[in-house]
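Work through the following exercises with the sequence and the model in view, and try each task before reading its solution.

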Amino acid sequence: MPAPGENLRIDPARLWDSLMEMAKIGPGVAGGCNRQTLTDADGEGRHLFQRWCEGAGMTMGVDTMGNMFATRPGTDPDALPVYMGSHLDTQPTGGKYDGVLGVLGALEVVRTINDMGLKTRHPIVVTNWTNEEGARFAPAMLASGVFAGIHTQDYAYGRTDPEGKRFGDELARIGWVGDEVVGARKMKAMFELHIEQGPILEAEGRSIGVVTHGQGLWWLEITLTGKDAHTGSTPMNMRVNAGLGMARITERVHQIAMSHQPNAVGAVGQVFVHPNSRNVIPGKVVFTVDIRSPEQAKLDAMRAEVERAAHAVAAELGLGCSIEPVGHFDPVTFDPDLVKIVRQSAEKLGYSHMDIVSGAGHDACWINRVAPTTMVMCPCVDGLSHNEAEEISPEWAAAGADVLLHAVLQVAEVVE
Ligand code: HGY
Ligand code: MN
Ligand code: MN
């Protein structure tokens, strides 16, 4: 089956307009987005996405985790569908493109196939995965994780946000509990278009990242318990300061990551200090360590070293210390045949490209467990992401969607 000609391209203006339109829902305060999962803004964005999909002739299915699947029929209804998608939820100070480019780029691919009047043997499905970010409800990639059988739905429904609200209750509140059994859908392949969220592609002057692997991750939630006391009248030798413990462990996390260079990262992003009063020594601190590496041995070693360091610091300061893993996936190898198709598509279209390992986690990392999966990446300005100033160029967005278009058409098999 000949692949479509390199002259077949998406409509860059239509894609960009869709991105800008979606960015108006759950706007941030500095030009980005705050469309956190299962908020009213998330619900509004879902409705807009559904309207657009139905406007492109697709039918929408939703599973009990709120994952959305818009289907464009193929000529062979028994053929396994080709999936493509990402996530519409954002960080609290997120950008306009993280996840959203993958969902709306996939919609643009279908709109282009419609314009061309092309038929494919396999159905094509555009997907929005619920709660990829894990910002409001840990862990990240929660719903694709349930879909892939990594988490149970009960576990997911029971996850709570910082205000104690349950995932299952919030999903019901915004009206997005679907009727499909999670994970029942079978896929021929899944592609995820995503911004790199790092500096490599831009620095190397490449338009396309051919993603061969994804680095692995641990999120370790550490709870230190000391004793609330007066910051003024309590002698230094009588303090049991959980805040000091958190500060020392944060520094150790950085040192551990630096000791495993290259290909290792570590930081503390989320901290809850109790009682969080200016003149009270913190009696309790709950914070999450995020460590990652593409190398399994480094990832495992870093986890062990962080846990050892945390207990040692706690012992020095007389603190209680408990550690709960709240997120984890091992390094990922994407499907080599699909990776090759992405590389060939970029070459056919004349886009500069390079193989790359994803620094960030993505829904594709879990779907890779249950179906042949890979990713297409485009650069982002200064490699910045998870920041409202996240930016890409319309040309980069179009290049990524063009490569997605050709890769998906090849796997979905254009019918003459
Ligand atoms: O944490 C991640 O890598 C992704 O942005 N959820
Ligand atoms: Mn993302
Ligand atoms: Mn993200």
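The pLDDT is the predictor's confidence in each residue, from 0 to 100, while helices (H or I, at least four residues) and strands (E, at least two) are DSSP runs, numbered from the N terminus. This is a predicted model, in which local features need pLDDT of at least 70 and side-chain atom pairs count only at pLDDT 80 or more, whereas totals for chains, interfaces and linings use all residues. Residues are numbered from 1 along each chain as its sequence is written, ligands are numbered from 1 in the order in which they are written, and side-chain values use heavy atoms, with hydrogens and water left out.

**Exercise 1.** Find which strand has the lowest mean pLDDT among the elements of the protein, and which the highest.

**Exercise 2.** Determine the strand order of the open sheet of four strands.

Solution. Two strands pair if DSSP finds at least two bridges between them. Strand β8 (residues 216–225) and strand β12 (residues 284–293) run antiparallel and are joined by 10 bridges, and within this pair W218 stands opposite I291 in β12. Extending the pairing gives the order β10-β12-β8-β13, with antiparallel pairing. The edge strands, each of which pairs on one side only, are β10 (265–274) and β13 (320–329).

**Exercise 3.** Identify the residues that coordinate the manganese ion (ligand 3).

Solution. Donors are N, O and S atoms within 2.8 Å of the metal (3.2 Å for Na, K and Ca), and since water is not among the atoms, sites may look incomplete. At 2.2 to 2.5 Å, the ion is coordinated by D98 (OD), E133 (OE), E133 (OE) and H386 (NE2). In sequence these donor residues are spaced D-x34-E-x252-H. Next, look for a neighbouring metal: the manganese ion (ligand 2) is 3.5 Å from the manganese ion (ligand 3), and D98 coordinates both.

**Exercise 4.** Decide whether D98 is buried or exposed, and do likewise for E133.

Solution. Buried means under 20% relative accessible area and exposed over 50%, with partly exposed in between (1.4 Å probe, protein chains only). D98 has a relative accessible area of 4% and is therefore buried; E133, with a value of 6%, is buried too.
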